[in-house]
Amino acid sequence: MADTSSTPGSGADAGTSAGRAGGRTRNQPVQERAVLTRDRILQAATEVIRQEGVSSLTFDKVAARAGVSKGGFLYHFGSKDALIVGLLNQVMSVLDRELNVLAEGIGEQPGAFALAYLDYVREPTKAATDTAVSILAAAAVDDDLLDSTRATFTGWQDRLLHDDSIGEVEALLARLVGDGLWLIDLFGLAPPSAQERRRVLDMVSAMITGQGTSDGPGGDRETDGHHGPADDPAGSTGLPE
């Protein structure tokens, strides 16, 4: 277990920080204070898991780090499972908002969400450490805690397949490449080089934009010659041999 005696926000520092936080929030509306308290608890839980491991995630530790009473903690999260689900819901909500912002920036065109899905993972740093912490915590405690996260991914897949006006193959390819790179980045699983990453994403993006409208479910329309392998000196995969 990590030694957190000198960690900012722990021990005496935690008490001082909690006092300052409490002073700032006393004059705020009750609902706003509740939201801020809930966010502090989630952040404290993330720090405990990251520094000491999932096994050290206890009500007392999180409450002390967040600067709230145990009763205040239980008001927001009645169980350890509820706390972990709260962590997951928070990070997945951020991911969903960021994907929507990217899709809106691309505009109303076939494949806008698929292109956003790929753009999200163009930079390895996009995958937040907090996301990995939450997913690992849920998987370690109870696989069923991932149900809400599964529902989020199901929603993204449905949007890619049915609402993005591209073929099924292209939609699934965007998801597989996007999810694959996201998980690689989250857990440091032998990441590709920056050049390999760019070439793969550019290749799949070209398939999406070159396709135009969808041929419907299971559509298998070929891309036009502009994005075909003949234009790629590295071959049909777009990757160096």
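Q: What counts as a patch on this surface?
A: Patches are built from residues with over 30% relative accessible area and no salt bridge. Like charges are joined within 9 Å, and nonpolar side chains (Val, Leu, Ile, Met, Phe, Trp, Tyr) within 5 Å.

Q: Which residues form a nonpolar patch here?
A: A word on the background: this is a predicted model, where local features need pLDDT of at least 70, side-chain atom pairs count only at pLDDT 80 or more, and totals for chains, interfaces and linings use all residues. Residues are numbered from 1 along each chain as its sequence is written, and side-chain values use heavy atoms, with hydrogens and water left out. The patch has about 350 Å² of accessible area together (Shrake-Rupley method, 1.4 Å probe, only the protein chains shown counting as cover for residues). Its members are Leu-136, Leu-183, Phe-187 and Leu-189.

Q: Is Asp-185 buried or exposed?
A: Asp-185 is found in helix α9, where helices are DSSP runs (H or I, at least four residues) numbered from the N terminus. Buried means under 20% relative accessible area, exposed over 50%, and partly exposed in between (1.4 Å probe, protein chains only). With a relative accessible area of 18%, Asp-185 is buried.

Q: How many salt bridges does the count come to?
A: A salt bridge is a side-chain nitrogen of Lys or Arg within 4 Å of a carboxyl oxygen of Asp or Glu. One of them pairs Lys-61 with Glu-52, whose closest N and O atoms are 2.6 Å apart. Lys-61 is partly exposed at 31%, while Glu-52 is buried at 12%. The count comes to eight.

Q: Where do Asp-147 and Arg-150 lie?
A: These two form a salt bridge, with their closest N and O atoms 2.8 Å apart. Asp-147 is partly exposed at 45% relative accessibility, and Arg-150 is partly exposed at 36%. They sit three residues apart, about one turn of the helix, and both lie in α8.

Conventions:
Helix = DSSP H or I, 4+ residues; strand = E, 2+ residues; numbered from the N terminus.
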